[in-house]
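Subject: A structure for you to look at

Hi there,

I am passing this one on to you, and I hope you enjoy looking through it. Please open it first and then read my notes below.

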2 protein chains.
Amino acid sequence: METVNLGLIGGGTVGGGVIRALRRNGALMASRLGVNLAIRRVAVRTPRKHQDLDLPEGVLTTDWRQVVEDPQVQIVVELAGGTTAARDMVLAALRLGKPVVTANKALLSAHGPELFRTAAQHGANLYYEASVAGGIPIIKVLRESLVGNRVVSLAGIVNGTCNYILTRMKLEGIEFNEVLAEAQRLGYAEAEPSLDVDGHDAAHKTGILASLAHGFWVDPKSIHTEGIRQISRLDIQFATRLGYTIKLLGVIKTFEAAPSGKKKPARKKAVDGPRIQVAVYPALIPNTHVLASVNHAFNAISVRGDIVGDTLFYGRGAGADATASSVLSDLADAALDLKHRSVERVPCFVAHSSDSRVVPMEEVVSRYYLRLEVIDQPGVFARISALLARAKIGISSIIQPEGHAGETVPVILMIHDASNAAMQKALKQIARLNVVRAEPVLIRVEPFE
Amino acid sequence: METVNLGLIGGGTVGGGVIRALRRNGALMASRLGVNLAIRRVAVRTPRKHQDLDLPEGVLTTDWRQVVEDPQVQIVVELAGGTTAARDMVLAALRLGKPVVTANKALLSAHGPELFRTAAQHGANLYYEASVAGGIPIIKVLRESLVGNRVVSLAGIVNGTCNYILTRMKLEGIEFNEVLAEAQRLGYAEAEPSLDVDGHDAAHKTGILASLAHGFWVDPKSIHTEGIRQISRLDIQFATRLGYTIKLLGVIKTFEAAPSGKKKPARKKAVDGPRIQVAVYPALIPNTHVLASVNHAFNAISVRGDIVGDTLFYGRGAGADATASSVLSDLADAALDLKHRSVERVPCFVAHSSDSRVVPMEEVVSRYYLRLEVIDQPGVFARISALLARAKIGISSIIQPEGHAGETVPVILMIHDASNAAMQKALKQIARLNVVRAEPVLIRVEPFE
C-alpha cells in the first residue's frame, strides 16, 4: 500500500490530538482509503515537553522549515495557530507545491485570498475543514453536498464558549459574569475572553462560511459583530417565557431591502448581484427550532438551500479530538488527491460570484426584542408607542412581565421588521425619554420562518 | 468549459425534481465545479405525461436501453425505483463502464454486493447519496468526513412517514390509525403503508449505513425490524410525562454482551471481530437529546465517533427537491471523477472488516418501557416484581399513572439492561398472569449516555 508522509507543525492540543488519533485509527483509515498516512516530522517549540507523544527518534524538531522542506514530507499540517508565523509556514509549503491542512480560522480570515491564490499558482491545495465548528464537516457539506443549492440562509452556533455561557445562564438562572468567571477557572474560557465573548471568533468562522456559500471573498471588516456581554439573566428568562432561547449566531442571509417610500438615491452605483447579510449577534430563536436545543459547548449550523430546504449539522465545536477528526478528514482528501492526481478536483476556494456584496447592517431589516426599564406610572406605554409610530416602526406586542415591583419595572416590546438604522435611531430617542431608566437592551429575533 | 452528458431513467417525482433543479441551478453548479452538466436523454414510461418537463425534441424516450447505450451519455441516473428492471439498468450501465447515480435504497439493499462488484470490475463507480435520508448528506459524511473515526453508535430517524405519524400523535394526542388515515388521504403515506410503518424502508437505509460504518456488507435479513403500529397515544403520553419522546429509530451499536453467569458454550466458533447490533424499532429517547426535537417528515441521524464524539445531521428525508439535492451532489462527484480521472478515489463500497458480524437481537441488551394493563388490586406489583426478580431482570421504577380508574389500570415499568431473549421470555410469563389484562406493550429505551 502507498504511504503518504505527513509533516506537522504544532504539537499542542490539536497537534497532540491528531497524533493520538492517527495512532489509534491509522490502520482503519488505511484500510478504508487504500493509502497509509505516516507522520514523518513534527515541529514543536519545546521537544522535551512532548515526550508523551512517544514519537520515534528524529521526528521532533524545533524548526518548522525542517518540516516544510523535508523532501519526504508530502502534506504539511499547520496547527501552530496565530496569523504571522503560520502565514509564513503555509505559504512556504504551498510554494513548494505541497498540500496544506490547517485548522486556523484566524489565519484564513486574515489572509484567505493570498493563501488561495498561492495554492492555485503552485498547483497545491489548502484544506481547512477543521477551521470552522470543530468536528462538524460544514466545509465539505457546503462545497460538495450542497453544491446544487443556492444558500438562502445560514445560521450557526459556531462559538462553543458563548454557547456554554448562554446555556448555563439559562439552565441555572445566573448572570454572565458569574458563568464567565467559572468557565475561566475550569479552562473553558480564556483569561482574555474577548475573542470569544465579543463575537470575533464567530465572525472569523461566519466569514469563511459566507465566502464558501456565496462564492465571493467576504472581507472580515464587513461583518457586523456583536457579542453576548450585554445579555442578562432577565433577558434569558423573558425570552423563555415568550417561547425563545437566546443564542449567539453567525447569520448569513440574502438581503431583504428595508421597506422605504423613498426612491433609490441616483448617485449610488447600481449593483445587480445578490446582496448578502453577514453578521454575528445574539438572537432569540424559537424553542421549536432545533438550534434552540443545542446546548453547552456544542455547535450547530442550520443551512437553508433553495433545493434541499432546511438542514442542520451538529457536533462538538472545539477540543483536541473533534478538531482532530476534521483534520483526519482533510488528510484523507489530501492523500487521495495526491494518489489520484486530483489536486484540483475541489479547489480551496472557487470565486463564482463577482457581483455579490455584503450589505451594511444599517440596511438590514430585523425583528427585535427590546427590554426597557421604565417608571411604573400611567402613560408610559403611550409615549413609547407614539415615538415608535412616528419612526414607522411596528410593535407586534408589549409585555409587562408580572412579579416585578419597585420604582422601575421591565417592559418588553416585540418589534416587527425595522431596518437596523431606523431601530438604532429610535432606540436613542427612547433612551432619552425621562420615563426610561437604565440602558435599553435590544436583541434581534430570528423567526426561522 | 467541459460538458458531461447525463442520461436519466425515470421522470417521476424525483426525476422531475432533478431536471427542474438542474435547470434552476445548472449554471451555478458549472461555475462552482468547472464542469457543465447537460441532460442528454431521459427514459420515461409515457412521454406525453411529461410535457411539463419541457425537454428539447429527441431527449425523451420510452426505452431505458437507449439512455444507457447512447454513446454520448457519460453518467446514468437511475430514478426508476423497484429492484428488478432497476437492477438490469444499473448493471447494464456499469458494464459499459459508465458511472451510475441512484436514489434506490431497496435496490441497494437487495443487490448491493452484486452492484458494487460489477462497478469495481468495470472501472465505473456507483453513487447513492440520495438513497438514505433524502437531502441529508449522510453517505458522504460517513465515508469521507468521519473516515478517521470508528462509529461507536448511530441512531437515525430515517423514515419520514413514521416520524410524521409519531409527531402528530404526540402533538395532537390522537391514535395511530387516525393519523395514518389522514396521511394517506393527504398523500403523505402510501395506500399500502407496510413498507413505511412496519419499518422495512428504515431497515433498507439502516443496513446501508451499517455497511458503510462498519466495512462489511450487512445482510438485510439480519436486521431485526419492528414498526410503529403497536404504539398507542397512551404510550406517547406516558413517555412524555417521564421525559421521553417515542421515535422510530435505525440503531447501529457495537454490541455489549448480555450479563450472564454461564460460560460461553464451547461448541460455538470463536469470533474475535466486532459484533454489531443493527436493528429498527421504536424507542423512547430523552427529550434533552436533539433527536427528540426532530418533528414531522424530517429525518436526522445521530452518529457517535470514537474521535469526533457526538454529531447529528438533520434535513428533509424525502420529497422531490431534497432527494434531487443529493442526486446533484452525486452528479457533481461523478462529473469531477470523470474530469479528473479519479473514479476510484472514493469507491462505492470498501469492505475493510472481514471478521465483524451482526449479533442476533436476542443477545442484545436493552432498556425497556413496559406498559401493562392490570387489575387494580393489592399484590399486583408484588407478583410482577417477583416474576422479573426470578428472571434476574432489574426494575428501575414502577409508575402507576394517576387519573386512571376502572377494572384495570395502566402500570409502567422501566427496566434496566436485560437481554432481548430474557425480556421476551419474561414478557410471555407476565402476559399469562391472571392480574394482567390486554397484551403488554414493550418499547425499548435508548438513553444516549
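Predicted model: local features only at pLDDT ≥ 70, side-chain atom pairs only at ≥ 80, totals over all residues.

Which residues in helix 4 of chain A meet residues in helix 9 of chain A?

Residues are numbered from 1 along each chain as its sequence is written, while chains are lettered from A and ligands numbered from 1 in the order in which they are written.

**Two helix pairs**

Back to the question: Lys105(A), Ala106(A), Leu108(A) and Ser109(A) in helix 4 meet His204(A), Lys205(A), Gly207(A) and Ile208(A) in helix 9. Being in contact requires C-beta atoms, placed from the backbone, to lie within 7 Å. Helices (H or I, at least four residues) and strands (E, at least two) are DSSP runs, numbered from the N terminus. By class, this contact has 3 nonpolar, 3 polar and 2 charged residues. Here Ala, Val, Leu, Ile, Met, Phe, Trp, Tyr, Cys and Pro count as nonpolar, Asp, Glu, Lys and Arg as charged, and the others, Gly among them, as polar.

Helix 4 (residues 105-121) and helix 9 (residues 200-214) of chain A pack at an angle of about 60°, and their axes are 9 Å apart. Axes are lines fitted to C-alpha atoms, for helices over the stretch in contact, and angles run from 0 to 180 degrees between N-to-C directions. Helix 4 and helix 9 of chain A are therefore oblique to each other; angles under 35 degrees count as roughly parallel, over 145 as roughly antiparallel, 65 to 115 as roughly perpendicular and the rest as oblique.

In chain B, helix 5 (residues 138-145) packs on helix 9 (residues 200-214) at an angle of about 10°, with axes 9 Å apart. That makes helix 5 of chain B roughly parallel to helix 9 of chain B. Their contact involves Ile138(B), Ile139(B), Leu142(B) and Arg143(B) of helix 5, together with Leu209(B), Leu212(B) and Ala213(B) of helix 9. Its residues are 6 nonpolar, no polar and 1 charged.

**The sheet**

In chain A, 6 strands form an open sheet in the order 3-2-1-4-5-6, with parallel pairing. Strands pair if DSSP finds at least two bridges between them. Strand 3 (60-61) and strand 6 (126-127) of chain A are the edge strands, each pairing on one side only. Strand 2 (residues 35-43) and strand 3 of chain A share 2 bridges, and Ala43(A) has Thr61(A) as its bridge partner.

**How the chains meet**

Chain A can be laid on chain B with an RMSD of 0.0 Å by a turn of 180° and a shift of 0.0 Å along the axis, superposing by least squares on the C-alpha atoms of residues with pLDDT of at least 70 in both. That is the relation of a two-fold axis. Within chain A, Phe313(A) has the C-alpha nearest the axis, 2.4 Å from it.

The contact takes 45 residues from chain A and 45 residues from chain B. On the side of chain A, they divide into 21 nonpolar, 16 polar and 8 charged. Strand 12 of chain A and strand 12 (residues 309-316) of chain B run antiparallel, joined by 5 bridges. Across this pairing, Gly315(A) stands opposite Thr311(B).

Happy exploring!
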